[in-house]
Amino acid sequence: MATIKPYDTAAGKRYRVRYRKPDGAQTDKRGFKTKKEAELFLASTTISKATGDYVDPQAGKITIGQLGPTWLAGKKSVVKVSQYASLESSWRTHVQPEWADRAVASIKKSEVQTWIADLRGRRSATVVLRAHGILAGILDSAMHDGRISKNQARAVQLPRKGRAGKTYLTHDQLQRLAAASKYPTLMLVLGYTGLRWGEVSALRVKHVNQVRRRFSIEENAVLVGSVIHPGTPKTHEHRTVPYPRVLARRIRELCEGRDPNELLFGDGTHYMRLPHPSHSWLNEAARKAREQREREVAAAKAAGRKLVLTPVPTVSVHELRHTAASLAVSSGANPKAVQRMLGHASAAMTLDTYADLFEDDLDGVADRLSAAAEKAGLAA
């Protein structure tokens, strides 16, 4: 039977509630200033035991530092190597130093919100969201294990990732960039198919269907630290991606005389590494393309002609992926086709990522509807 008994302290009379936990073990909670408070606690405890929502106060004393390594170990088998490396680094850098010594039941929403605000003042939204996800995930685990009744980290306001501006190359810019590049075919494949670097660098000769002009995306090579880890594509799903007819001869020449298991790009044996953001063959190609443009414009001017050539900007591999999306949309491809080409999880994700492109596409739809309506006899 549960009991409520008074006891004396230096601060005055207090009440103690003695009761049994769901496992039959006896426990108590002390310090209630009034008998009414003790009765309310006993009533809520009785209800929580009956509904299966009882949380043992002792279980909530376990710390984030004790649960963190177990949570991370559970993630290791279900996420990719690169993602796990990011999680482990974030845990070690941002979560563990702040929360390791805190009991899971002691964490308050206001404390989590303050931590997020402080971290956002120093780091990007992406870093903040990853760190918060780790803390919230550990507390989710504690809640599911019956250590806490509510996850205080799930009720906070989080920063939003800003939308970075995108660079889209035209056909002319892409071809001039490729012509100035150390790897012209690779450049064109990136700009016309939208493959991720890990996907294109893991392409093998056997993944090329020259008859249908398709790449079979079955592998992904990701750099973690200084080591390249081969694995599955980002969404874990194989897909086929078409390449345009203008690349057929180039791809055929790459495949000729090579073993089916050889890598399509590079020396056939070692994965090519992602170009460095500031100094690489990709940046060098953009510089050479701009110099070539200046020479051509100057030669035309000397000959009394006017030549208009848009400069080629310095782009990243990911911006070549944006270019592929842009060129596909401008050719008339619908969101579903672009989604499949890029390997997005859904067409909604494609529309969200490239909303600006499809807004232009809507103008084209309106123009085609107008032309069809006028042809049918509808007056403007």
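This is a predicted model: local features need pLDDT of at least 70, side-chain atom pairs count only at pLDDT 80 or more; totals for chains, interfaces and linings use all residues.
Colleague: Why is I138 called buried?
Modeller: Buried means under 20% relative accessible area. I138 has 0% relative accessibility, so I138 counts as buried.

Colleague: Where is I138 found, and what does I138 touch?
Modeller: I138 is found in helix α5, residues 125-144. Leaving aside residues up to four places away in sequence, I138 touches I64, L67, G68, W71 and W91.

Colleague: How do you know that the span of α1 is close to the one expected?
Modeller: Helix α1 covers residues 35-51, which is 17 residues. The expected span is 1.5 Å times one less than the number of residues. That gives 24 Å for α1, and the helix reaches 24 Å from its first C-alpha to its last.

Colleague: What makes the buried residues of α1 line one face?
Modeller: They are A38, F41, L42, T45 and S48. Seen down the axis of α1, they fall within an arc of 130 degrees, so they line one face of the helix. They pack against β1 (3-9), β2 (12-20) and β3 (26-32).

Colleague: Which exposed residues sit on the face turned away?
Modeller: K36, L40, I47, A50 and T51. Just after α1, G52 takes a positive phi of about 85 degrees.

Colleague: How do you know that β1 and β2 pair?
Modeller: Pairing needs at least two bridges. Here 7 bridges join β1 to β2, and the strands run antiparallel. T3 stands opposite R18 in β2. A hairpin joins β1 to β2 through 2 residues.

Methods: Residues are numbered from 1 along each chain as its sequence is written. Side-chain values use heavy atoms; hydrogens and water are left out. Helices (H or I, at least four residues) and strands (E, at least two) are DSSP runs, numbered from the N terminus. Buried means under 20% relative accessible area, exposed over 50%, partly exposed in between (1.4 Å probe, protein chains only). The arc is that of the directions from the helix axis to the C-beta atoms. Contact means heavy atoms within 4.5 Å.
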